[in-house]
Amino acid sequence: MNDILIVDDERDIRELIADILKDEGFDIRLASNSDEAVAALNEKEPALMVLDIWLKDSRMDGIDILKQVKRNNPDVPVIIISGHGNIEIAVAAIRQGAYDFIEKPFNIDQLMVVVNRAMETSRLRRENSSLRRGGDRATEMLGQSAAFKRLRDNLDKVAKSNGRVMLTGEPGSGKELAARYIHAHSPRASAAFITVPCASIEPERMEEVLFGRESAERGIEPGLLEQAHGGVIYFDEVGDMPLGTQPKILRVLTEQQFSRAGGSDKVRVDLRVISSTNRILTAEIAAGRFRQELYDRLNVVPVAVPSLAERREDIALLARHFIEQFNSTQGLPARELPEESVAALQAMRWPGNVRQLRNVIERVLILAEESGPIQPTELEPQGTTPENGDTLSLGPQITAMALREAREMFEREYLLAQINRFGGNISRTAQFVGMERSALHRKLKSLGVVGGLRTDEEMLTGK
């Protein structure tokens with residue numbers, strides 16, 4: 001959400017603020033009195049409200065509107081605009097729940113600082129509220145592959161403890177889903193799960209967002225650590241945490257207490273900490289971008305979340321689940337996914353992992369011109385390419401070869417693609433390509449494909 005509702009009875013002030021915020025990329029709606037303001041709120045909840053405290057010829061003044069917003073739209077931050085003689089009333093408005101106030105005549109830089117901070121607060125509130133409302137669906141994990149079963153077994157084990165967990169894996173592989181699964185199956189399941197999106201919070205705002213703040217005018221504003229008391233705090237992409245914040249988080253982990261910005265009292269918290277990263281943190285430590293002590297505290301139980309390439313056998317199950325999900329939530333057509341399309345999906349590269357697969361399925365369903373089975377040709381263009389980038393094509397490399405060499409290249413590429421598709425399972429590959437298992441082994445050996453293959457025993461034991 002990026003829209004801001006501006007409520008002011010002075011047209012010049014209204015339009016000046018609107019022009020400034022439009023130039024910064026925000027969507028703007030305007031209201032000149034309380035009736036227009038209430039109507040705008042009822043039509044669509046804004047991400048932020050800028051509200052004049054005095055509204056001439058209006059049924060309600062700014063304080064009355066503020067009270068109604070806090071009652072009916074508690075997640076919407078409200079910035080109060082106040083004239084010089086109304087500072088005491090503005091302070092009273094903050095005690096009623098306003099986010100901040102700006103005194104007229106206002107400074108543009110000051111306006112933008114307050115608006116950007118309020119918008120970030122709004123975004124964090126909505127993200128965490130959405131996650132809390134997600135319930136069981138947000139923790140649903142699907143898969144049948146050996147790699148997935150190993151992951152779920154590890155998550156079940158760590159869920160029972162209170163140990164700190166470090167989830168590693170590629171972007172889009174499902175690290176946050178794994179974190180929520182741990183929370184949902186732990187003794188803290190009924191308490192809060194609070195996400196700290198380390199990569200998207202402005203570095204200069206990180207400490208205030210985490211620790212909260214307090215002042216005589218605004219009272220106490222709890223940060224994310226305080227909101228997570230009794231539950232789980234999840235540091236999403238912890239490798240992006242500002243270097244200056246890291247020792248303070250280390251102290252919280254050690255002492256289980258901290259002080260809010262502007263405050264002196266110690267706030268004690270009971271937290272379970274789960275972190276995730278797609279970076280190699282040991283390399284970040286060597287480069288001086290991450291503290292060794294914090295890494296040691298967070299990396300008590302490391303759990304690797306497999307990429308989609310490591311669990312290709314799950315692609316059909318996941319894709320059909322997404323089709324069903326988009327049908328029930330968005331009314332998109334519940335199209336059949338035939339085996340030839342499954343094979344195409346399994347042969348593709350997925351740098352964005354499960355998230356990318358979900359996006360591809362959504363795109364195919366949205367652009368569908370018919371409700372029939374999904375065809376392999378619909379899956380090709382949008383950034384997913386065959387697993388082997390040098391897949392056979394009739395270019396100069398091929399046409400310069402003798403027939404025997406070209407046939408061997410094709411067989412090698414084809415069999416490697418099928419082996420990748422079935423996660424290295426030779427028995428399943430042999431069954432699909434129509435060969436005896438021993439014959440497939442001999443063929444692979446003759447083609448020079450002998451390394452990196454897993455035996456059936458390894459597939460079963462998960463080694």
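**Strands, helices and a salt bridge**

Tutor: Let us begin with strand β6 (residues 165–168) and strand β13 (residues 272–277), which pair in the parallel sense over four bridges. Within that pairing, V165 has I274 in β13 as its bridge partner. Before we go on, note that this is a predicted model, in which local features need pLDDT of at least 70 and side-chain atom pairs count only at pLDDT 80 or more, while totals for chains, interfaces and linings use all residues. Residues are numbered from 1 along each chain as its sequence is written, and side-chain values use heavy atoms, with hydrogens and water left out.

Student: How do you know that β6 and β13 pair?
Tutor: Two strands pair if DSSP finds at least two bridges between them. β6 and β13 have four bridges, so they meet that definition. The strand names come from DSSP too: strands are E runs of at least two residues, helices are H or I runs of at least four, and both are numbered from the N terminus.

Student: What is the order of the open sheet of five strands with β7 and β14 in it?
Tutor: The order is β7-β10-β13-β6-β14, with parallel pairing.

Student: Why is one side of β7 and of β14 left without a neighbour in the sheet?
Tutor: β7 (193–197) and β14 (301–304) each have a single partner strand, so they stand at the edges. The twist averages 20 degrees from one strand to the next.

Student: Which strands form the open sheet that contains β2 and β5?
Tutor: That sheet has five strands in the order β2-β1-β3-β4-β5, and its pairing is parallel. β2 (27–31) and β5 (100–103) are at the edges, each with a single partner strand. Inside the sheet, four bridges join β3 to strand β4 (residues 78–82), and V50 stands opposite I79 in β4.

Student: Why are α13 and α15 called oblique to each other?
Tutor: Helix α13 (residues 315–330) and helix α15 (residues 353–367) pack at an angle of about 50 degrees, with their axes 9 Å apart. Axes are lines fitted to C-alpha atoms, for helices over the stretch in contact, and angles run from 0 to 180 degrees between N-to-C directions. Angles under 35 degrees count as roughly parallel, over 145 as roughly antiparallel, 65 to 115 as roughly perpendicular and the rest as oblique. The angle of α13 with α15 falls in the rest, so this pair is oblique.

Student: What makes α6 oblique to α7?
Tutor: Helix α6 (residues 146–159) and helix α7 (residues 175–184) pack at an angle of about 45 degrees, with their axes 8 Å apart. That angle makes α6 oblique to α7.

Student: Which residues of α6 meet α7?
Tutor: R152, L155, D156, V158 and A159 in α6 meet A178, Y181 and I182 in α7, where contact means heavy atoms within 4.5 Å.

Student: How many salt bridges does a search of the whole structure find?
Tutor: The search finds 22.

Conventions: Salt bridge = Lys/Arg side-chain N within 4 Å of Asp/Glu carboxyl O.
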